[in-house]
Amino acid sequence: MKNGLLILLLATSLFAKEAVLPSELSAWKALSYVGSAKNPQELPNATLTLNTASLVGLVPTPKIEYVARPTNEGGSVSYGGMFQIILKEKGLYRVVLANASWIEMVKDAKGSQSVAHSHGPDYSGIRKMVDYALEAGTYTLQLSAGADTTSAILVTKLK
């Protein structure tokens with residue numbers, strides 16, 4: 001029985017498909033760790049870098065003092081976090097996430113309206129992608145209503 005399972009596992013890994021990612025998502029394959037902020041004072045220690053994928057730690061949503069109240073806070077057993085990102089120029093930006101957490105980009109305590117939603121390429125590990133037309137500045141990326149204690153995240157400029 002054990003040998004059969006081992007053979008099945010090896011065969012599955014040999015024939016597993018790898019996602020073909022467009023160039024703007026190429027950073028998805030290399031992750032660095034970033035812990036999330038639980039309040040606005042911790043944001044400088046939870047900074048994301050544009051075009052760099054990060055594995056982020058999330059905390060129970062009720063323990064987070066969000067910059068702006070999330071549209072979807074989730075329940076008492078959901079997870080979330082806040083991250084700071086500095087955008088140097090106006091443009092179309094995509095937030096890529098490995099889980100189904102609610103995503104909001106906040107500047108000056110106001111949420112930005114998303115302009116598009118999509119899923120990632122098959123076999124990529126990308127659960128959702130949300131696009132925003134954003135001005136230059138410092139933003140707080142808020143995650144809420146998540147079911148996971150970690151996620152991968154990437155913010156990339158499309159144009």
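Modeller: Happy to! One term before we start: a salt bridge is a side-chain nitrogen of Lys or Arg within 4 Å of a carboxyl oxygen of Asp or Glu. Please also keep in mind that this is a predicted model.

Biologist: Okay. How many salt bridges turn up in the whole structure?

Modeller: The search finds four. One of them joins the side chains of E42 and K38, with 3.7 Å from N to O.

Biologist: What does K157 pair with?

Modeller: K157 meets E89 in a salt bridge, at 3.5 Å from N to O. This pair links distant parts of the chain: K157 is in strand β11, while E89 is in the loop between β4 and β5, 68 residues apart. K157 is partly exposed at 23% relative accessibility, and E89 is partly exposed at 44%.

Biologist: And what about R94, which residue does it meet?

Modeller: R94 meets D131 in a salt bridge, with 2.7 Å from N to O. R94 lies in strand β5 and D131 in strand β9, so the pair ties together parts that are 37 residues apart in sequence.

Biologist: Are R94 and D131 buried or exposed? And why?

Modeller: Buried means under 20% relative accessible area. R94 counts as buried because its relative accessibility is 13%, and D131 counts as buried because its value is 7%.

Biologist: New topic! How confident is the predictor, going by the average pLDDT?

Modeller: The chain averages a pLDDT of 86, and 89% of the residues score at least 70. Residues 1-16 are another story: there the pLDDT is below 50, and the stretch has zero contacts in the model beyond near neighbours in sequence.

Biologist: How should I treat a stretch like that?

Modeller: With care: where pLDDT is low, the predicted coordinates should not be read in detail.

Biologist: Got it. Now the inside: how many residues are in the largest nonpolar core?

Modeller: That core has 27 residues, and L48, F83 and L141 have the most contacts inside it. The elements that each give two or more residues to this core are β4, β5, β6, β9, β10 and β11. The largest share comes from β4, with four residues.

Biologist: Which residues does L141 touch?

Modeller: Leaving aside neighbours within four places in sequence, the contacts of L141 include L48, F83, V95, I103, M105, I153 and V155. Apart from this core lies another one, of 10 residues, among them A19, L21, L25 and M129.

Biologist: Where does S54 sit?

Modeller: S54 is in strand β2. S54 is buried, because its relative accessible area is 2%. Not counting residues up to four places away in sequence, S54 touches L31, S32, V34, L48, S151, A152 and I153.

Biologist: You mentioned L31. Where is L31, and what does L31 form with Y33 and L55?

Modeller: L31 lies in the loop between α1 and β1. Together with Y33 and L55, L31 forms a nonpolar patch on the surface, with about 300 Å² of accessible area for the three together. L31 itself is partly exposed, as its relative accessible area is 45%.

Biologist: Thanks, that helps a lot!

Note on methods. Residues are numbered from 1 along each chain as its sequence is written. This is a predicted model: local features need pLDDT of at least 70, side-chain atom pairs count only at pLDDT 80 or more; totals for chains, interfaces and linings use all residues. Side-chain values use heavy atoms; hydrogens and water are left out. Buried means under 20% relative accessible area, exposed over 50%, partly exposed in between (1.4 Å probe, protein chains only). pLDDT is the predictor's confidence in each residue, from 0 to 100. Contact means heavy atoms within 4.5 Å. A nonpolar core is a set of buried Ala, Val, Leu, Ile, Met, Phe, Trp, Tyr and Cys residues joined through side-chain atoms within 4.5 Å. Patches are made of residues with over 30% relative accessible area and no salt bridge: like charges are joined within 9 Å, nonpolar side chains (Val, Leu, Ile, Met, Phe, Trp, Tyr) within 5 Å. Accessible areas come from the Shrake-Rupley method with a 1.4 Å probe; for residues, only the protein chains shown count as cover.
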